[in-house]
Amino acid sequence: FVDAGNVWLGNQAAANVPAGRFAWDRFYKELAVGTGLGLRLEIQYIVIRLDVAFPLRDPARPDGDRWTVSKIQFGSRNWRRDNLIYNLAVGYPF
């Protein structure tokens, strides 16, 4: 799967953090992009999901260094520790 998105603050919360406010002229620059693999197991009424993902674009990084594709190092233990994200969920198909 490939996923893109971000979280912006509402008007009240954004009053203290102006950079967290949604703005049409810059939201596309603030999108994070990740990719990964998922396994779904459906047993009657229960869905069990296990996902592993890693970032492709990190909007928290400095401008010009946000795409992380060239930094992927599956063979590096440190890279895997810092970048692989595991998710286990019960009851949600996605």
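**Accessibility and salt bridges**

Gly91 is partly exposed, at a relative accessible area of 45%; here buried means under 20% relative accessible area, exposed over 50%, and partly exposed in between, with a 1.4 Å probe and protein chains only. This is a predicted model, in which local features need pLDDT of at least 70 and side-chain atom pairs count only at pLDDT 80 or more, while totals for chains, interfaces and linings use all residues. Residues are numbered from 1 along each chain as its sequence is written, and side-chain values use heavy atoms, with hydrogens and water left out.

Gly91 belongs to the segment after strand S4 (85–90); strands are DSSP runs of E with at least two residues, numbered from the N terminus. Between Gly91 and Glu42 the C-alpha to C-alpha distance is 9.2 Å, with a sequence separation of 49 residues.

Attention now turns to the charged side chains. Side chains of opposite charge can pair when their charged atoms come close. Across the whole structure, seven salt bridges are found, each defined as a side-chain nitrogen of Lys or Arg within 4 Å of a carboxyl oxygen of Asp or Glu.

Arg26 pairs with Glu30, their closest N and O atoms lying 2.5 Å apart. Arg26 is partly exposed at 26%, whereas Glu30 counts as buried at 15%. Arg61 and Asp65 form another salt bridge, at 2.7 Å from N to O; Arg61 is partly exposed at 28%, and Asp65 is partly exposed at 26%. A salt bridge of 3.3 Å, N to O, joins Arg81 and Asp82, and both residues are exposed. Finally, a network of salt bridges links Arg40, Arg49 and Asp51.

Notes: Helix = DSSP H or I, 4+ residues; strand = E, 2+ residues; numbered from the N terminus.
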